[in-house]
Amino acid sequence: LMVESMLAASEYRVEEQMREVAETLEGIGIEPLMAAAAARRQQWVADLGVKELLGGAKTEQRAELLRAIRTTMGRKETA
């Protein structure tokens, strides 16, 4: 469901939430390994343009999401 959530977010972006978590952890002296990695991956998915490929429609069909991710990755590699 995490991928679905990342794609569904619009105004309040999931990667921004994870960045805030990472900053909070850093602020209390904990290295934010997982939060920072999650934020980077979420940004990567957003940058692929999968949501746009799906026409902004929300889907929970993992096969459809994976197909869209693969399609956008192929587009980025050839661009």
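1. Reading along the sequence, you will find the protein chain following the pattern α-α-α-α-α. That makes five helices and zero strands, where helices (H or I, at least four residues) and strands (E, at least two) are DSSP runs numbered from the N terminus.

2. A word on ground rules: this is a predicted model, in which local features need pLDDT of at least 70 and side-chain atom pairs count only at pLDDT 80 or more, while totals for chains, interfaces and linings use all residues. Residues are numbered from 1 along each chain as its sequence is written, and side-chain values use heavy atoms, with hydrogens and water left out.

3. Do keep an eye on confidence. The mean pLDDT (the predictor's confidence in each residue, from 0 to 100) is 77 for the protein chain, and 72% of its residues reach 70 or more. Helix α1 (residues 2-8) has the lowest confidence, with a mean of 59, and helix α2 (residues 14-27) the highest, at 88.

4. Of the 79 residues in the protein chain, 28% are buried; buried means under 20% relative accessible area, exposed over 50%, and partly exposed in between (1.4 Å probe, protein chains only). Among contacts (heavy atoms within 4.5 Å) between residues at least 6 apart in sequence, 58% join residues at least 24 apart.

5. The largest nonpolar core has six residues: L48, V50, L54, L65, A68 and I69. Such a core is a set of buried Ala, Val, Leu, Ile, Met, Phe, Trp, Tyr and Cys residues joined through side-chain atoms within 4.5 Å. Helix α5 (residues 62-78) gives the most to this core, with three residues.

6. Helix α3 (residues 33-48) passes a simple geometry check: at 1.5 Å a residue, its 16 residues should span 22 Å, and its end C-alpha atoms are 23 Å apart, which agrees. The expected span is 1.5 Å times one less than the number of residues. Its buried residues are A35, A39, Q42, V45 and L48. An α-helix has 3.6 residues a turn, so residues three or four places apart point the same way. After α3 comes G49, with a positive phi near 85°.

7. T72, in helix α5, deserves a look. T72 is buried, with a relative accessible area of 0%, and its side chain reaches the backbone oxygen of I69 at 2.9 Å. Leaving aside residues up to four places away in sequence, T72 touches L48, G49, V50 and L53.

8. Lastly, K51 sits in helix α4 (residues 50-53) and is partly exposed, at 24% relative accessible area. From C-alpha to C-alpha, K51 and L65 are 9.3 Å apart in space and 14 residues apart in sequence.

Terms used. A polar contact is a pair of N or O atoms within 3.5 Å; within protein, one must be able to donate a hydrogen and the other to accept it, and residues adjacent in sequence count only if both atoms are side-chain atoms.
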